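The points are grouped by topic for reference alongside the coordinates.

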Amino acid sequence: MQFHQSTRRELITLLGGAAVAWPFASQAQRQGRIPTVGVLWHAESAEGEGPLFTGLVEGFKKLGYVEGSNITLEHRFPNEMPERFKSMATELVSLNVDALVSAGIQAALALREATKTIPIIFMFMPDPVGSKLVDNLAKPGGNATGVTNFGPELIGKRLQLLNETIPRLSRVALLINPQSQISRLYIDYTQAAAAARGLLSQTFEVRSLDDLEPAFDAMAIAGMQAVTMNPDGLIYQGKAITAKLAIARRMALAAYSRETFDAGALMSYGPDNIAACHRAAFLVNKILKEGARPGETPVEQPSKFQYFINLKAAKTLGLDVPLHLQQLADEVIE
């Protein structure tokens with residue numbers, strides 16, 4: 001199921017564009033050694049990253065890479081700690097890796113600050129232009145490119161789906177991490193999309209996992225009927241807690257990805273993050289094998305969006321999901 005505006009279609013046409021090659025392939029190839037790729041995640045471990053970690057590793061395997069045989073992957077897990085993002089980015093750069101991969105905005109910015117020469121491929125980057133990671137999507141400039149996962153229409157679509165699911169919906173909470181550089185953008189787009197549908201949007205902030213329960217208590221007091229959230233490392237890390245708190249306080253939770261939906265949300269609408277992991281591996285391969293220049297390789301935007309519904313959660317909340325929404329869904333959990 002796909003929803004595109006004309007501007008997005010124009011950008012998506014860039015996805016298959018050929019990257020300009022460097023005069024030579026990667027340093028590893030020139031020296032006849034195994035290439036090393038550093039990966040800066042955001043959670044505390046591979047298990048904490050869950051299917052995203054597996055998705056990236058699988059992406060490399062599909063391209064013929066075998067860990068320890070023809071590639072070395074150096075993974076680092078900062079556990080959402082700002083100082084660890086910086087120190088681990090510096091550590092990866094000091095290893096003289098051939099390419100770097102970042103998961104999320106904090107990881108991408110930490111790597112960009114640590115090096116202006118080593119190629120960086122970012123995943124799950126909401127606003128690479130606004131974050132000054134790239135000059136523009138078509139021709140990024142500098143040493144970074146990758147896959148973005150944000151478009152303002154995604155916020156509006158989640159609110160629309162909630163509005164069609166919940167009778168007399170009027171008040172929707174936005175769960176946000178104010179420490180994220182892009183949080184202001186989420187707030188502005190959510191308020192505009194809510195107002196366009198006659199809904200009241202109220203923002204609730206969390207700076208750590210310990211803030212989640214008090215935030216949901218505040219939502220309940222404010223009479224919130226539903227909760228939306230946007231891509232952020234901390235929100236992702238707390239996805240299971242968030243789902244349980246929403247159910248316990250009788251609020252419909254609209255997640256943004258398969259991974260956040262599986263934790264127990266009522267519904268989810270967003271891009272395929274596993275596909276983004278595979279594309280990141282593909283872009284790294286273009287650098288390693290073809291000598292592609294990141295600054296001249298277009299940033300990719302998602303072309304596939306997924307809609308999931310959890311009827312078990314709906315029943316617990318006393319909601320009847322309309323049949324036409326169930327028919328639109330990519331998957332319905334009974």
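The crossing of helices H9 and H11 is right-handed. The model under discussion is predicted. The points below begin with that helix pair, proceed to a second pair, and then turn to individual helices and residues.

**Packing of H9 and H11**

- Helix H9 spans residues 212–221, and its axis lies 10 Å from that of H11, at an angle of about 30°.
- H9 and H11 are therefore roughly parallel to each other, since angles under 35 degrees are placed in that class.
- On the H9 side, the contact is formed by Leu212, Glu213 and Phe216, which meet Ile241, Thr242, Leu245 and Ala246 of H11.
- By residue class, this contact of H9 with H11 comprises five nonpolar residues, one polar residue and one charged residue.

**Burial along H11**

- Helix H11 covers residues 239–248, and its buried residues are Lys239, Thr242, Ala243, Leu245 and Ala246.
- Viewed down the axis of H11, these buried residues fall within an arc of 165°, so they line one face of the helix.
- Lys244 and Ala248, on the other side of H11, are exposed.
- Thr242, Leu245 and Ala246 belong to the buried set of H11, and these residues also take part in the contact with H9.
- Arg250 follows H11 and has a positive phi, near 60°.

**Packing of H7 and H8**

- Helix H7 (residues 152–165) packs with helix H8 (residues 183–196) at an angle of about 45°, and their axes are 9 Å apart.
- That angle makes H7 oblique to H8.
- The crossing of H7 and H8 is right-handed.
- H7 contributes Pro152, Ile155, Gly156 and Leu159 to the contact, where they meet Tyr186, Tyr189, Thr190, Ala193 and Ala194 of H8.
- The residues of this contact between H7 and H8 comprise seven nonpolar and two polar, with no charged residue.

**Burial and surroundings of H6**

- Helix H6 spans residues 105–114, and Ile105, Ala107, Ala108, Ala110, Leu111 and Arg112 are buried in it.
- The buried residues of H6 pack against helix H5 and against strands E1 (36–40), E3, E4 and E5 (144–148).

**Positive phi in residues other than glycine**

- Asn96 is a residue other than glycine with a positive phi, near 60°.
- The position of Asn96 is in the loop between helix H5 (82–94) and strand E3 (99–103).
- Asn96 has a relative accessibility of 41% and therefore counts as partly exposed.
- Phe124, also a residue other than glycine, has a positive phi near 55°.
- Strand E4 (residues 120–125) contains Phe124.
- The relative accessibility of Phe124 is 9%, so this residue counts as buried.

**Leu95 in the loop between H5 and E3**

- Leu95 is located in the loop that runs between H5 and E3.
- A relative accessible area of 40% makes Leu95 partly exposed.
- Neighbours within four places in sequence being left aside, Leu95 is in contact with Glu74 and Arg76.
- Leu95 and His324 are 229 residues apart along the chain, and their C-alpha atoms are separated by 53 Å.

**Ser180 in the loop between E6 and H8**

- The loop between strand E6 (171–176) and H8 contains Ser180.
- Ser180 has a relative accessible area of 6% and is buried.
- When neighbours within four places in sequence are excluded, the contacts of Ser180 are Ile105 and Asp232.
- Ile105, one of these partners of Ser180, is among the buried residues of H6.

**Ile235 in H10**

- Ile235 belongs to helix H10, which covers residues 233–237.
- With a relative accessibility of 3%, Ile235 counts as buried.
- Apart from neighbours within four places in sequence, Ile235 is in contact with Leu175, Val206, Met229, Asn230 and Tyr256.
- Ile235 and Gln326 are separated by 91 residues in sequence, and the distance between their C-alpha atoms is 26 Å.

Conventions:
Residues are numbered from 1 along each chain as its sequence is written. This is a predicted model: local features need pLDDT of at least 70, side-chain atom pairs count only at pLDDT 80 or more; totals for chains, interfaces and linings use all residues. Side-chain values use heavy atoms; hydrogens and water are left out. Axes are lines fitted to C-alpha atoms, for helices over the stretch in contact, and angles run from 0 to 180 degrees between N-to-C directions. Helices (H or I, at least four residues) and strands (E, at least two) are DSSP runs, numbered from the N terminus. Angles under 35 degrees count as roughly parallel, over 145 as roughly antiparallel, 65 to 115 as roughly perpendicular and the rest as oblique. A crossing is left-handed if the near helix is turned anticlockwise from the far one by less than a right angle, and right-handed if clockwise. Contact means heavy atoms within 4.5 Å. Ala, Val, Leu, Ile, Met, Phe, Trp, Tyr, Cys and Pro count as nonpolar, Asp, Glu, Lys and Arg as charged, and the others, Gly among them, as polar. Buried means under 20% relative accessible area, exposed over 50%, partly exposed in between (1.4 Å probe, protein chains only). The arc is that of the directions from the helix axis to the C-beta atoms.
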